[in-house]
Amino acid sequence: MSFRKVVRQSKFRHVFGQPVKTEQCYDDIRVSRVTWDSTFCAVNPSFVAIIVEASGGGAFLVLPLHKTGRIDKSYPTVCGHTGPVLDIDWCPHNDYVIASGSEDCTVMVWQIPENGLSQPLTEPVVVLEGHSKRVGIVTWHPTARNVLLSAGCDNVVLIWNVGTAEELYRLEGLHPDLIYSVSWSRDGSRFCTACKDKSVRVIDPRRGTVVAEKERAHEGARPMRAIFLADGKIFTTGFSRMSERQLALWDTENLEEPMGLQELDSSNGALLPFYDPDTNVVYVCGKGDSSIRYFEITEEPPYIHFLNTFTSKEPQRGMGWMPKRGLDVSKCEIARFYKLHERKCEPIIMTVPRKSDLFQDDLYPDTAGPEAAMEAEEWVAGQTAGPVLVSLRQAYVPSKQRDLKVNRRSLLHDSGPPAAASPAAPPAAPPAAPAPTRLSAPAALGTGPSAPTGGGRLAEVLQEVAALRALVAEQGQRITRLEEQLSRLENGHV
């Protein structure tokens with residue numbers, strides 16, 4: 001009788017989440033209370049941006065990553081909108097450019113100073129006006145420079161060339177109701193949307209057509225979201241008819257039935273999915289939950305494999321997600337979240353436990369870098385290109401122990417003849433022969449060519465060895481005396 005493997009092999013089975021220490025959090029931040037299912041937070045390797053409460057308009061904080069601790073109430077904000085900010089997104093090709101959508105029906109693009117804000121930023125680089133109702137979604141094209149998509153509550157999707165402030169495409173009539181989410185494909189040739197009419201659509205923006213559509217992807221009436229995976233499949237989160245939260249995986253070539261469907265629980269918070277194309281892991285965070293679940297997407301059934309859950313005490317108001325190039329690869333960090341509480345932002349680090357301190361090639365394949373694959377004009381002309389990949393190996397910083405090993409190896413190499421003589425000496429031989437050779441190497445390294453050599457050095461070493469032996473003998477006698485005293489005490493002879 002043959003037994004099948006019960007446990008599926010995966011290098012991500014033991015991924016664990018860990019919040020950072022209190023002093024590494026961002027405290028005293030008044031996170032926005034606006035009722036909109038956005039992440040409220042955007043992160044890149046230089047800054048963390050958080051939508052905050054603001055009187056008389058909309059604002060968001062932009063903090064350099066290292067500015068942890070308590071944030072002063074007077075800290076400058078980006079505050080050019082006249083209505084609450086609903087969504088923000090960092091440009092993938094410029095770490096100092098961020099776009100924001102607001103209830104004031106505008107999209108604004110901002111240039112952040114290199115060292116962060118020293119005074120309130122009220123003047124955007126460009127204002128994009130084209131929506132007739134509030135703008136709830138902004139997302140940059142993954143590979144073309146300066147191409148930005150915005151979706152509003154007017155059910156219109158607009159695609160802009162930020163470099164010229166012109167409207168490239170206006171997609172009207174494709175969505176009969178409110179658009180919940182928009183996600184670009186990996187090469188930016190298409191995007192998928194989740195709509196209030198319970199349909200998931202795949203749209204070719206340059207043709208202005210719906211390429212594929214799945215009606216009633218999730219039966220429930222509550223908000224759902226859809227994201228493109230690297231291989232062209234679509235991952236959705238939503239609710240069943242009985243208001244149970246669901247995950248589903250769809251093949252865009254055949255949207256009749258989901259490839260995989262899982263029910264999670266009966267909480268009522270919208271599920272926000274975050275996808276890592278390098279590891280094929282999807283992290284699912286529910287608004288109002290206090291947990292992050294993560295799943296691995298594979299080629300074999302059931303396709304969606306539950307890995308683990310990170311749980312904490314406080315519910316999350318929003319969540320930021322660090323791009324792969326901002327992670328600490330020397331600590332095997334494969335994801336970093338920025339969890340928004342009511343009054344603070346807490347980074348949570350996801351790590352794969354590894355014993356080796358070498359760079360882990362299997363965890364860090366080449367990832368999307370900050371370089372655009374093409375210009376906006378080339379994309380409009382019909383070109384398509386995947387992201388320009390970069391290796392994370394140069395971001396790898398060896399640990400201190402590893403530095404120490406490297407230094408020691410170079411010292412022994414520099415020592416020349418004395419070090420070479422040491423292997424010839426038998427390890428169990430009397431100290432008189434090998435000791436001078438082995439001890440002389442470090443001394444020669446430290447003192448340079450003027451170090452004493454020959455008989456004088458040998459006599460010095462032998463003298464030191466004799467002194468040590470005498471010390472050992474003396475300590476041995478003392479130990480014997482103490483043991484005798486102890487035995488007398490134990491036997492009652494004081």
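Arg216 counts as partly exposed, at 44% relative accessibility, because that value falls between the limits of 20% for buried and 50% for exposed. This residue belongs to a predicted model, and its place there is in the loop between strand E19 (209-214) and strand E20 (225-228). The points below begin with this loop residue and one of its contacts, and then turn to the chain, its cores, a pocket and some backbone angles.

**Arg216 and Ser199**
- Phi of Arg216 is near 50°, which is a positive value in a residue other than glycine.
- Among the residues that Ser199 touches, leaving out those up to four places away in sequence, are Arg216, Glu215, Lys214 and Glu213, together with Thr193, Ala194 and Met224.
- Is Ser199 buried or exposed? Ser199 has a relative accessible area of 3% and is therefore buried, although its position is in a loop, between strand E17 (191-195) and strand E18 (200-204).

**The chain as a whole**
- The protein chain has 494 residues, of which 47% count as buried, and it contains five helices and 32 strands.
- When contacts between residues at least 6 apart in sequence are considered, 51% of them join residues at least 24 apart.
- About 24,800 Å² of the protein chain is accessible surface, and carbon and sulfur atoms account for 51% of that area.

- In soluble globular proteins, nonpolar side chains tend to be buried together.
- The largest nonpolar core here has 55 residues, and those with the most contacts inside it are Ile29, Val48, Ile50, Phe60, Ile112 and Tyr338.
- Strand E4 (residues 47-52) contributes six residues to this core, the most that any element gives.
- Ile50, once its neighbours within four places in sequence are set aside, is in contact with residues including Ile29, Val31, Phe40, Phe60, Leu340 and Cys345.
- Another core, of 24 residues, lies apart from the largest one and includes Met350, Val352, Phe359 and Leu392.

**The second largest pocket**
- The second largest pocket holds about 440 Å³ of space, and of the 18 residues that line it, Val20, Gln24, Lys331, Glu333 and Ile349 lie nearest its centre.
- Strand E1 (16-19), strand E29 (333-340) and strand E30 (344-351) each provide at least two residues of this lining, which is made up of eight nonpolar, five polar and five charged residues.

**Backbone angles**
- Most residues other than glycine have a negative phi, and most peptide bonds are trans.
- Asp28, in the loop between strand E2 (26-27) and strand E3 (41-43), has a positive phi, near 65°.
- The peptide bond from Pro301 to Pro302 is cis, with omega near 5°, and Pro302 lies in the loop between strand E26 (291-297) and strand E27 (304-311).

Technical notes
Residues are numbered from 1 along each chain as its sequence is written. This is a predicted model: local features need pLDDT of at least 70, side-chain atom pairs count only at pLDDT 80 or more; totals for chains, interfaces and linings use all residues. Side-chain values use heavy atoms; hydrogens and water are left out. Helices (H or I, at least four residues) and strands (E, at least two) are DSSP runs, numbered from the N terminus. Buried means under 20% relative accessible area, exposed over 50%, partly exposed in between (1.4 Å probe, protein chains only). Contact means heavy atoms within 4.5 Å. On a 1 Å grid over the protein atoms alone, a cavity is a set of points where a 1.4 Å probe fits but cannot get out, and a pocket is an open set with protein on both sides within 12 Å along at least five of seven lines; lining residues have an atom within 4 Å of a point. Grid points are joined across faces, edges and corners, and a volume is the space filled by probe spheres set on the points. Ala, Val, Leu, Ile, Met, Phe, Trp, Tyr, Cys and Pro count as nonpolar, Asp, Glu, Lys and Arg as charged, and the others, Gly among them, as polar. A nonpolar core is a set of buried Ala, Val, Leu, Ile, Met, Phe, Trp, Tyr and Cys residues joined through side-chain atoms within 4.5 Å. Accessible areas come from the Shrake-Rupley method with a 1.4 Å probe; for residues, only the protein chains shown count as cover.
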